[in-house]
Amino acid sequence: MSASLPFFRYHPDPLASGSIFAAAETCACCKRNRGWIYTATFYTAHEVNGRFCPWCIADGSAAERFAGEVADSYGLDGVSEDVLHEVTRRTPGFHAWQDPHWLVHGQDAAAFVGEVGYTELAAHPESLDQLQTDIRLDGWYDENQLEHFLAHLGDGATAMLFRCTVCGTHLAYADAS
Ligand SMILES: [Zn+2]
Ligand SMILES: [Zn+2]
């Protein structure tokens, strides 16, 4: 059996979100086959021949070796440099239609839960309220249209759900193809 996966504070279940798969594949960083491979975003100007194991994501060696970032820093406003580096260099990113980004609650990055539809959002009403408010702030004034959009999340457009690691509040942003 392979060792248990590293723990990622800001992406606690990367198997559920599909960012890490069980695969017999050689890591492009440590050159070992650890039984698991990371499949989502990595931004670098260097050429990378292959994908990374979760351990090279967790300890920052993939980001360091290829002078890259696992996740984009967009959206990470007001967090400490430590948190910024943990999310962008040592946390698995995720698959999304548009450039994925992280949400912040208080002064901390929130943990990525997964891609969800209306039902999951409705189970965390605060995330639905917050998403509604954000979309209104973006200038979407037609309430009927907004209601329709929210109710049909999961069918075309989806929502990216996060959970604050400090207070447990759920947050979300909408992602569309
Ligand atoms: Zn590795
Ligand atoms: Zn919070």
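The following dialogue works through the reading of a predicted model, from its overall layout to single residues.

Me: Which conventions apply to this model?
Reply: The model is predicted, and local features need pLDDT of at least 70, side-chain atom pairs count only at pLDDT 80 or more, while totals for chains, interfaces and linings use all residues. Residues are numbered from 1 along each chain as its sequence is written, and chains are lettered from A and ligands numbered from 1 in the order in which they are written.

Me: Into which domains is the protein divided?
Reply: Domain bounds come from an automatic or database domain assignment. Here they give domain 1 (9–100) and domain 2 (103–177). The centres of the two domains, taken over C-alpha atoms, are separated by 23 Å.

Me: How many residues of each domain are in contact with the other?
Reply: Two residues are in contact if their C-beta atoms, placed from the backbone, lie within 7 Å. By that criterion, 17 residues of domain 1 meet 13 residues of domain 2. The side of domain 1 that touches domain 2 consists of 10 nonpolar, 5 polar and 2 charged residues. In this scheme Ala, Val, Leu, Ile, Met, Phe, Trp, Tyr, Cys and Pro count as nonpolar, Asp, Glu, Lys and Arg as charged, and the others, Gly among them, as polar.

Me: In which order do the strands of the open sheet stand?
Reply: Strands of a sheet pair through backbone hydrogen bonds, either parallel or antiparallel. Two strands are taken to pair if DSSP finds at least two bridges between them. This open sheet of 3 strands has the order E5-E6-E7, with antiparallel pairing. Strand E5 (111–116) and strand E7 (170–175) are at the edges with a single partner strand each, so one side of each is left without a neighbour in the sheet. Neighbouring strands are turned by 25 degrees against each other on average, direction ignored. Axes are lines fitted to C-alpha atoms, for helices over the stretch in contact, and angles run from 0 to 180 degrees between N-to-C directions. Helix H5 (residues 125–137) lies across E6 and E7, at about 45 degrees to E7.

Me: How many bridges join E5 to strand E6?
Reply: There are 5 bridges between E5 and E6 (residues 158–163), and Phe 112 stands opposite Phe 162 in E6. E6 and E7 pair over 6 bridges, with Arg 163 opposite His 170 in E7. Their hairpin has 6 residues between the strands, where Gly 168 takes a positive phi near 85 degrees.

Me: How many residues of E6 are buried?
Reply: A residue is buried if 20 or more other C-beta atoms lie within 10 Å of its own, exposed if 12 or fewer, and partly exposed in between, with C-beta atoms placed from the backbone. In E6, 6 of the 6 residues are buried, so the strand is largely enclosed by the rest of the structure. Thr 158, Met 160 and Phe 162 are buried on one side, and Ala 159, Leu 161 and Arg 163 on the other. For the protein of 177 residues, 33% count as buried.

Me: Is Ile 20 buried or exposed?
Reply: Ile 20, located in strand E1 (residues 20–22), is buried, with 25 other C-beta atoms within 10 Å. Residues that Ile 20 touches include Leu 5, Trp 36, Tyr 38 and Pro 92.

Me: Is Asp 155 buried or exposed?
Reply: Asp 155 is exposed, with 9 other C-beta atoms within 10 Å. Asp 155 lies in the loop between helix H6 (143–151) and E6.

Technical notes:
Helices (H or I, at least four residues) and strands (E, at least two) are DSSP runs, numbered from the N terminus. Lists of a residue's contacts leave out its neighbours within four places in sequence.
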